Amino acid sequence: MRFFRIMSPRLGDRRRLGAMVRVLTIAVVCAVHGSTWGGVSAEREVVDATGAKVKLSAQPSRIVTLAPSLGELAADLSEDEISRIVGVSEFSDYPPMLMKVPSVGSYAKFNLEKVFALKPDLVLATLDGNSKDQVLHLRELGLPVVVVATESLSDVEASMRMVGLAMGVPQRGERMAAQFARGLQRIREKASRPGVRRVLIQVGGDPLVVVGAKSFLHDVVVAIGGVNVYADSAARYPRPSIEDVLRRNPDVIVVLSLGKDEKAFRQMAARWAKFPGINAVKSGRVRVLKGDQVVRPTIRLLEGLSLLEKAVQE
Amino acid sequence: VNRASGVFRAYVVGVVFWVFAFILALKLGAVPDADLGVITQLRLPRAVLASAVGMGLAVAGAALQALFSNPLCDPYTLGISSGSAVGAVVGATLGLNWLFSGLAGTAFVGALIFTGFLYLLAARPGTGNLTVLLAGVMLSFLGSSLVALWMSVSDANGIQGALLWLLGDLSRARIEGAAFSIGVAGLLVSLLWSRWREMDALLMGEEGALSLGIDVAGVRRRLILLTSLLIALCVSAAGMIGFVGLVVPHFARRFVGSLHLRLIPLCAIWGAAAVTLADCLARVVVRPYELPVGVVTALFGAPIFLWVMLRTREHE
């Protein structure tokens, strides 16, 4: 009732003055707070790959990345301000400067407490590897988590834009995505020649793990002009029997070597020699490809694509 | 008088041990000097959930050992936990592990299905305890082969998390889920405790209890229902944490005897203390990684138990 009286024309002058003073006070308090909470007023919203609207400050300065590829992406996009990255997942070794950044554990099960204690103003996560529940948990704790998808090459391109946007450097993200798209275009043009090869990409030996249709590596095979022999598999990384591989009879087998120890992957490749019926074995096209460039969905994937193209087409 | 003071001492030691473990759990973690946020939002829910789960597992173990007059029974003997393992693995790969505040929903559903089967079997007229026990063991095998079957036909992505979780993982604890768990576990434990006379009667075996005029079938149904719900809650909250349900009751019996009026609350306190301490160790021994808490309970618990058992034997 009092409120309406303040608004009413019958109000006495003294009262009106009182009301004005009150309004002014509120305005001044707001202005003072506005200047001290500069970060809040500059807050913005980013919609990530899970469809979540994430509130972020203009220039996040305490970034935690939950996968080696995201560490790489964030480091590239932060250019010379790599100190913005305050936490990375295990095996984040490129660029080498990231090896000095505190680790929050493996991407598959990172240490919640470490991430939380770093007080990040941006956490970068991926749909391909991070646990859904752990990401949810971080969000429940009030941390801004931006999740990217990398199921296809266009996802990878979009993830560059999204990370740039999240970090407050949209132009850099845009530039990187454009560079990626150009590189991809050139590789696709080069690859469009006759004589399609049927390719098996192997990522694990015991048990056999290969690349199915839902991984960006499937897109990679298509981009270099090959045919993934497990394109019909619904799983990201199916585990077929050797007999099934014999039946599908790939022209090329590429064993992707992950991590430092290449010997184990050489042994995996050597095992195929027992099956001379496979085209790839017959023509000597069982190859070991070393490189994080191939398996990390970052700008270095372009190098990886050239390497893989050579491995498949030569 | 001597006996009573022994019982009193066992309780005091238990409470002190629990408080100590709880404080330690709040104090230690992956980061050395944690602020209030880390302590209240991450460590406190974990310590509360660990207490709930430890309490539940130890009491469920004691009740099942009484029910089947078998010292080898533990919360996993009846296969309820395999039911939740199936639920958890299926849920993880299909992406439908809907959660209530860190509790695995599909795991709980899996456990309820197995519980339902056991309950119906136990309610059938003329079914003996041994039949129920054997059916439980079979369910447990069925569950683990279903898990293996599912793992070999589905995508590997997501399964790793489910497998780690199966070995015991309290890292998903949220404060609401932890509060809910300790409330429900407390309620179920109290309900089981109120059945202490029936459990005491069962110590004389099925025949003995029958001749005391106990409705063995009814008692069995009720105990199976209560313990299964308790186990389903614990496993959905924290995966499978071995050792506690088997050994804490045996340990407690050495101090307060086999009568359940005294045994059940002591199991609750000691179980809570044991899992809280074990989870604290699991978080700090290989920082920044965490061990599955089930690994810690068995790794540290088994030798301690053996040592205590052999020592008391020598004294006798």
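User: In this predicted model, how many residues does the contact take from chain B and from chain A?

Analyst: The model is a prediction, and in it the contact takes 28 residues from chain B and 24 residues from chain A. A residue is counted here when heavy atoms lie within 4.5 Å.

User: What area is buried between chain B and chain A, and what do carbon and sulfur atoms give?

Analyst: About 2,300 Å² is buried between chain B and chain A. Carbon and sulfur atoms give 49% of that area.

User: Why is the pair B:Glu290 and A:Lys109 called a salt bridge?

Analyst: The closest N and O atoms of B:Glu290 and A:Lys109 are 3.4 Å apart. The cut-off is 4 Å between a side-chain nitrogen of Lys or Arg and a carboxyl oxygen of Asp or Glu. The pair is therefore a salt bridge. Between chain B and chain A the count is 7 salt bridges.

User: Which helices of chain B each supply at least two residues of the side that touches chain A?

Analyst: Those are α2 (36-67) and α6 (159-166) of chain B. The most comes from α2(B), with 5 residues. By class, this side of chain B has 11 nonpolar, 9 polar and 8 charged residues.

User: Why is B:Leu130 called exposed?

Analyst: B:Leu130 has 59% relative accessibility. Exposed means over 50%, so B:Leu130 counts as exposed. B:Leu130 is found in helix α5 (residues 129-153) of chain B. Its C-alpha atom is separated by 23 Å from that of B:Ile264, which is 134 residues apart from B:Leu130 along the chain.

User: What mean pLDDT does chain B have, and which of its elements are lowest and highest?

Analyst: Chain B has a mean pLDDT of 86, with 92% of its residues at 70 or more. The lowest mean among its elements is 62, in strand β1 (residues 99-100) of chain B, and the highest is 95, in helix α12 (residues 260-284) of chain B.

User: Where in chain A does pLDDT stay under 50?

Analyst: Residues 1-12 of chain A stay under 50, and the model has 7 contacts beyond four places in sequence for them. Residues 28-41 of chain A also stay under 50, with 1 contact beyond four places in sequence. Where pLDDT is low, the predicted coordinates should not be read in detail. Chain A as a whole averages 84, and 86% of its residues score at least 70.

User: What ipTM and pTM does the model score?

Analyst: The model scores ipTM 0.82 and pTM 0.82.

Notes: Residues are numbered from 1 along each chain as its sequence is written. Chains are lettered from A and ligands numbered from 1 in the order in which they are written. This is a predicted model: local features need pLDDT of at least 70, side-chain atom pairs count only at pLDDT 80 or more; totals for chains, interfaces and linings use all residues. Side-chain values use heavy atoms; hydrogens and water are left out. Buried area is the accessible area (1.4 Å probe) that two parts lose on being put together, summed over both. Helices (H or I, at least four residues) and strands (E, at least two) are DSSP runs, numbered from the N terminus. Ala, Val, Leu, Ile, Met, Phe, Trp, Tyr, Cys and Pro count as nonpolar, Asp, Glu, Lys and Arg as charged, and the others, Gly among them, as polar. pLDDT is the predictor's confidence in each residue, from 0 to 100. Buried means under 20% relative accessible area, exposed over 50%, partly exposed in between (1.4 Å probe, protein chains only).
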